[in-house]
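Subject: A structure for you to look at

Hi,

Here is the structure I promised to pass on. Please open it beside this message and follow along as you read.

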There are 2 protein chains.
Amino acid sequence: MTTKDEAAIRTVLDERTEALRTKDAALAVARYAADVVSFDLAPPLRFTGTEVTGTTGVQAWFDTWSGPIGWEIRDLNVATGGDIAYAFALNRMTGTKRDGETTDLWVRSTTCLRRMGGKWAIVHEHVSVPFYMDGSYKAAIDLKP
Amino acid sequence: MTTKDEAAIRTVLDERTEALRTKDAALAVARYAADVVSFDLAPPLRFTGTEVTGTTGVQAWFDTWSGPIGWEIRDLNVATGGDIAYAFALNRMTGTKRDGETTDLWVRSTTCLRRMGGKWAIVHEHVSVPFYMDGSYKAAIDLKP
């Protein structure tokens, strides 16, 4: 077990929590590798590189929230080996949008990292909810763990 | 680069393709670790252990298809380090259900593995589609890469 590496990965994930809480776009993108591939909650299927690392889109999204964005990490599982690592967890996103709509959404997240120049960088991120197979094809935004 | 390990990971993923094509439930679950955590297309948020490794549910799902289930892997990215590995890709699932409904669905997949007893086992799997943020909250099942 490389406890030190695992602690470093947890710090990366805690930084994301802090970035959402303080709506700090620079901090939110600081750990992404230049060639990051993101599978996000919203379409398209995939975002890559500057689509993910740019702060403009992140800041615009942050600005749609009226206060801090809550990001709870539950049942986090971290594994490291050599210069790679992965982590997966359930996450609860909470907050209030500027239009008054409240969000309380559980999502699944998987994060893949690589150590580059002595620092851990996020090379891949996958965040999602499942969808109902009852013919409605509705995203399952009402689930709880 | 550990090309040999990467080749082994690709073999694991190819086995899944083959399991879907031949609807072989035993092959489909053969590579899962006993404590696997799966974030799947359908609710709930998470499946664990025997919910994933059991063949009964897989076989029942296979039986809802009238022929082979197509599973194309595109833009596969594999990384290995020490005794862990991860892979992510876009996947196209195709086929015809017994009720005549045809499926042609692009999904995102992330797979996390660990070498145990000299063999690679899947400890985590995350498969999803995004959803539309237009107020419909519909799963985006019509996307193409």
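What percentage of the 145 residues in chain A is made up of buried residues? Buried residues make up 32% of them. A residue is called buried if 20 or more other C-beta atoms lie within 10 Å of its own, exposed if 12 or fewer, and partly exposed in between, with C-beta atoms placed from the backbone.

Before going further, a word on the source. This is a predicted model, in which local features need pLDDT of at least 70 and side-chain atom pairs count only at pLDDT 80 or more, while totals for chains, interfaces and linings use all residues. Residues are numbered from 1 along each chain as its sequence is written, and chains are lettered from A and ligands numbered from 1 in the order in which they are written.

Now the overall build. Chain A has four helices and six strands, and from the N terminus their order is α-α-β-β-α-α-β-β-β-β. Helices (H or I, at least four residues) and strands (E, at least two) are DSSP runs, numbered from the N terminus. The radius of gyration of chain A, taken over C-alpha atoms, is 16 Å, close to the 15 Å from the globule rule (2.2 Å times the number of residues to the power 0.38), so chain A is as compact as a globular protein of its 145 residues. Its C-alpha atoms fill a box of roughly 45 × 35 × 25 Å along the principal axes.

Next, the strands. Two strands pair if DSSP finds at least two bridges between them. E4(A) and E5(A) pair in the antiparallel sense over 13 bridges, and A:Gly95 stands opposite A:Thr103 in E5(A). Their hairpin has five residues between the strands, and A:Gly100 there takes a positive phi near 95°. E5(A) also pairs with E6(A), again antiparallel, over nine bridges; A:Arg108 has A:Ser128 in E6(A) as its bridge partner. This hairpin has two residues between the strands, and A:Gly117 takes a positive phi near 60°.

Finally, where do the two chains meet? The contact takes 38 residues from chain A and 38 residues from chain B, where two residues are in contact if their C-beta atoms, placed from the backbone, lie within 7 Å. On the side of chain A that touches chain B, the largest share, five residues, comes from E5(A).

Enjoy exploring!

Best wishes
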